[in-house]
Amino acid sequence: MAKHTLKSGQLLKYIGKKWKNLHIGHPLKFMGYDGNGFADIWVEYQGKLMLLALKDVETLSVA
C-alpha cells in the first residue's frame, strides 16, 4: 500500500501475521500515521488504539 494514501476513518483489513490470543476479524479504523517515517499506523479496533505496521493492512473494498 502506498504511503500517505489513507484518510482518517478509512476501514482496513488486517493481513499480517497471526498473534496468539488476538483474532482480528473485524475491520480496523485508520486513525493516523505514526511520525516515525510513516511505516506504522494507528488504528482503532473494538474501541482500543493499536499501532500496526503499514505492510500488515490493506484497504477494504466498499461495494
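L52 touches Y14, W19, L28, A39, D40, I41, V43 and V57, where residues up to four places away in sequence are not counted and contact means heavy atoms within 4.5 Å. The structure is a predicted model, in which local features need pLDDT of at least 70, side-chain atom pairs count only at pLDDT 80 or more, and totals for chains, interfaces and linings use all residues. Residues are numbered from 1 along each chain as its sequence is written, and side-chain values use heavy atoms, with hydrogens and water left out.

**Nonpolar core**

L52 is among the residues with the most contacts inside the largest nonpolar core, together with L6, L12, L28, I41, V43 and V57; this core has 14 residues. A nonpolar core is defined as a set of buried Ala, Val, Leu, Ile, Met, Phe, Trp, Tyr and Cys residues joined through side-chain atoms within 4.5 Å. The elements that give two or more residues to this core are β1 (11-14), β2 (28-33), β3 (40-45) and β4. Strands are DSSP runs (E, at least two residues), numbered from the N terminus. L6, by contrast, lies in the segment before β1. L6 counts as buried because its relative accessible area is 8%; buried means under 20% relative accessible area, exposed over 50%, and partly exposed in between (1.4 Å probe, protein chains only). The C-alpha atoms of L6 and G47, which are 41 residues apart along the chain, are separated by 20 Å.

**Strand pairing**

Two strands pair if DSSP finds at least two bridges between them. The pairs described here are listed below.

| Strand pair | Bridges | Direction | Residues opposite each other |
|---|---|---|---|
| β1 and β2 | 2 bridges | antiparallel | L11 and K29 |
| β1 and β5 | 3 bridges | antiparallel | Y14 and V57 |
| β3 and β4 | 6 bridges | antiparallel | D40 and A53 |

β3 and β4 form a hairpin with 2 residues between them, and Q46 in the turn has a positive phi of about 50°. In a regular strand the side chains alternate between the two faces of the sheet. For β1, the covered face holds L12 and Y14, whereas L11 and K13 are on the uncovered one.

**Nonpolar surface patch**

M31, W42, L49 and L51 make a nonpolar surface patch of about 370 Å². Patches are made of residues with over 30% relative accessible area and no salt bridge; like charges are joined within 9 Å, and nonpolar side chains (Val, Leu, Ile, Met, Phe, Trp, Tyr) within 5 Å. Accessible areas come from the Shrake-Rupley method with a 1.4 Å probe, and for residues only the protein chains shown count as cover. M31 lies in strand β2. Its relative accessible area is 38%, so M31 is partly exposed.

**D56 and its salt bridge**

D56 is placed in the loop between β4 (48-53) and β5 (57-59). Leaving aside neighbours within four places in sequence, D56 is in contact with K13, Y14, I15 and G16. The side chains of D56 and K55 meet in a salt bridge (3.8 Å, N to O). A salt bridge is a side-chain nitrogen of Lys or Arg within 4 Å of a carboxyl oxygen of Asp or Glu, and by this rule the count comes to 1 salt bridge.

Key. Helices (H or I, at least four residues) and strands (E, at least two) are DSSP runs, numbered from the N terminus.
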